[in-house]
Amino acid sequence: MAHNNIDPRTRAVHCGQDRDPYTGASSVPIYQGSTFAQPDPDHPGAYDYGRSGNPTREALESAIAELEGGVHGFAFASGMAAITSALLLFKPGDHVIAAEDIYGGTYRILTTLFRQWGLDATFVDMTRPGLVEAAVRPETRGIFVETPSNPLLKITDLDAIAAIARKHSLLTIIDNTFATPWLQRPIERGFDIVLHSATKFLGGHSDCVAGLAVVRTDDLAHRVKSIQNITGSVLGPQDSWLILRGIRTLAVRMDAQQRSAQIVAEEMARWPEINKVFYPGLAAHPGRAINERQSSGAGAVLSFELKDGAVAHQVLRRVKLCLPAVSLGGVESILSYPAKMSHASMPREERSLRGITDGLLRLSVGLEDPLDILNDLKQAILVEKV
Ligand SMILES: *Cc1c(COP(=O)(O)O)cnc(C)c1O
């Protein structure tokens, strides 16, 4: 079904397969099979082996491709598996430029496994395109962007990065986990590969770990398909079905969570215990105008820095409604401590350089009433230090 001329809200409900082609069932079946009959090996059917292709996984893959406006989607066992597969497009001796406040796991794989393998990475402040261009070397082959970034919600100008990439013939990769295609579609702005931790907003219910990739060209589709099949980090049919189900409600969840995030951010910015709130929807956010140009919203994740960093542990212990945990994008609000959780693999000096202080907490705003979320945080922050 082609959905080129319909609203993205409608697309989220119908993308991929919106019914079973054999029975008309309203949901794509979970094809729980590892192998497919091939009575005539000279004329194989559409499927032969579950690593190479599975109809449930393909329904999800075509759904995300449609939402992002790419030619092909790929589903992986996790966000990190999708990121790894994209980085395998490079070869030893190549160099990539990555955002300095990139997801902790991406930083870790670039500075450990890929560095050993021979892929070199330079980390720069992507909010300054001049620094990105200055980091280009003869062996540079790609730029890896994340906007809004994690955990400081910095905004990268996608048009400026795409222009630098075109000038130097670089592959552009973006981790679009925080914005989702509901708010931001980087392929429309010239990006080559969009990656997701579908564990977060796309799945949306904190019940499944998954990753997705979408590519802009048939050539990239061919190469990523080959990497996916060779390395085998595919998403299983049950989890593919769960992510597809999550996607059906993406628009309403994001809209509601984003509305609440704006209320929570504005209110917390007034609390005397808070040094600063980082949220692209706030008037004082330096990337607000760029974000408004390239995406249709500020998203549902914010960070705040406590004046007294020693209170952070207390807040995690005292929250009753917010889940003190890693991850984000679920129906429940999730409060995480980047210094000790998502960015624990980053050395302390690196963390401080990037503004990830010991008093910084990240909040993924869920579907609860925003006043309940604020009350929960207030009682957790105000309680006497123990
Ligand atoms: C969680 C996350 C990842 C990693 O995804 P997994 O599904 O945990 O492997 C990558 N990028 C961002 C921005 C994330 O939040």
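**A buried charge and its surroundings**

Modeller: D376 is buried (under 20% relative accessible area, with a 1.4 Å probe and protein chains only), yet D376 has no salt bridge, and K320, the nearest side chain of opposite charge, is 5.8 Å away. A salt bridge here is a side-chain nitrogen of Lys or Arg within 4 Å of a carboxyl oxygen of Asp or Glu. For charge, Lys and Arg count as positive and Asp and Glu as negative, while His and the chain ends are not counted. This is a predicted model: local features need pLDDT of at least 70 and side-chain atom pairs count only at pLDDT 80 or more, whereas totals for chains, interfaces and linings use all residues. Residues are numbered from 1 along each chain as its sequence is written, and side-chain values use heavy atoms, with hydrogens and water left out.

Colleague: Which backbone nitrogen does the side chain of D376 reach at 2.9 Å?

Modeller: D376 lies in helix 15 (residues 370-382); helices (H or I, at least four residues) and strands (E, at least two) are DSSP runs, numbered from the N terminus. Leaving aside residues up to four places away in sequence, D376 touches V319, K320, L321 and C322, where contact means heavy atoms within 4.5 Å. A polar atom of the D376 side chain lies 2.8 Å from the backbone nitrogen of K320. The backbone nitrogen reached at 2.9 Å is that of C322.

Colleague: What is the relative accessible area of K167?

Modeller: The side chains of K167 and E133 meet in a salt bridge, at 2.8 Å from N to O. This pair links distant parts of the chain, 34 residues apart, with K167 in helix 7 (residues 158-168) and E133 in helix 6 (residues 129-134). E133 is partly exposed at 28%, a class between buried and exposed, the latter being over 50%. K167 is exposed, and its relative accessible area is 60%.

Colleague: Which residue of strand 7 is the bridge partner of I193?

Modeller: Strand 7 (residues 211-215) has five of its five residues buried. In a regular strand the side chains alternate between the two faces of the sheet. In strand 7 both faces are covered, with G211, A213 and V215 on one side and L212 and V214 on the other. Strand 6 (residues 193-197) runs antiparallel to strand 7 and is joined to strand 7 by five bridges, where pairing requires that DSSP finds at least two bridges, and the partner of I193 is V215.

Colleague: Which residue has a side-chain N or O atom 2.7 Å from an oxygen atom of the ligand?

Modeller: Among the 14 residues around the ligand, M80, D175, S197, T199 and K200 come nearest; a residue is near a molecule if one of its heavy atoms lies within 4 Å. A polar backbone atom of M80 is 2.8 Å from a ligand oxygen, and an N or O atom in the side chain of S197 is 2.9 Å from a ligand oxygen. The side chain with an N or O atom at 2.7 Å from a ligand oxygen belongs to T199.

Terms used. Polar contact = N/O pair within 3.5 Å; in protein donor to acceptor, adjacent residues only side chain to side chain.
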